[in-house]
Amino acid sequence: MKKKRADKKISEQLKEILSDIRERREKIGAVTDKDIADHARSLERKKQRPKGAWQHLIRVTDACEVVADTKGTLLWTDQTGSRKPLLILTSEQVTKEYLEYLDANHISWVACGKEKIVLIRAAEILAKEFAVARMAIVGGGTINAGFLAAGLLDEVSILLAPGIDGRKGMAAAFDGLPMETEPFQLKLEYVAQYDDGALWLRYAVKN
């Protein structure tokens with residue numbers, strides 16, 4: 001008898017679940033032509049690319065942290081009141097929704113270059129529109145090499161530590177340029193030696 005009661009209870013629960021599913025389907029309804037059109041407009045907005053655009057939310061007296069994000073995938077916290085606010089360099093691949101997200105978080109941005117960031121144009125905008133007079137590039141090998149190849153570095157500062165990392169596949173300080181790229185010439189300007197054996201080397205880039 002207990003088993004039959006249990007089966008009856010499960011049956012009632014199944015009926016309630018099926019009834020709930022039917023109600024949800026009725027509320028959702030079929031996809032209409034308007035739904036399809038709205039979705040198409042949404043996709044079209046995402047395809048629209050800003051061309052040489054920027055949004056200036058930083059005071060010209062501020063020191064800022066410039067971050068390269070070609071496709072607009074990085075998330076950030078609100079920069080209101082930040083002592084070193086963010087400024088995002090991105091390309092025209094970025095969606096307008098992402099730029100609106102940056103605006104909502106009070107983050108300045110520069111978008112230039114269809115497939116990748118055109119660093120020369122970005123530097124021009126930073127200098128003219130944001131009054132950036134000097135930048136330190138402290139990125140990985142690819143971004144460092146990009147600025148070097150674009151002729152935007154006038155000095156290379158290297159700190160050598162007394163150790164060797166021989167692991168396979170580790171990126172170099174400058175990495176990712178085509179194999180046919182000619183070596184860049186440097187001129188040693190300054191050397192400092194520290195008690196722990198580290199060396200600080202400063203080179204001028206011969207353009």
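Two strands count as paired if DSSP finds at least two bridges between them. Strands themselves are DSSP runs of E, at least two residues, and helices are runs of H or I, at least four, numbered from the N terminus. L188 has Y203 in strand 7 as its bridge partner.

Some ground rules. This is a predicted model, where local features need pLDDT of at least 70, side-chain atom pairs count only at pLDDT 80 or more, and totals for chains, interfaces and linings use all residues. Residues are numbered from 1 along each chain as its sequence is written, and side-chain values use heavy atoms, leaving out hydrogens and water.

Back to the hairpin. Strand 6 covers residues 186-193 and runs antiparallel to strand 7, with seven bridges. Five residues sit between the two strands, and G197 takes a positive phi near 95°. Strand 7, residues 199-205, also pairs with strand 5, residues 155-160, antiparallel over six bridges. There, E155 has A204 as its bridge partner.

Four strands, order 1-4-3-2, mixed pairing. Why is one side of strand 1 and strand 2 left without a neighbour? Strand 1 (53-55) and strand 2 (65-68) stand at the edges, so each has a single partner strand. The twist averages 15° from one strand to the next; angles run from 0 to 180 degrees between N-to-C directions, with axes fitted to C-alpha atoms, for helices over the stretch in contact.

Inside that sheet, strand 3 (86-90) and strand 4 (108-111) are parallel over four bridges. L87 stands opposite S108. Helix 3, residues 96-104, packs on the sheet and touches strand 1, strand 3 and strand 4. Contact means heavy atoms within 4.5 Å. The direction of helix 3 makes about 155° with that of strand 4.
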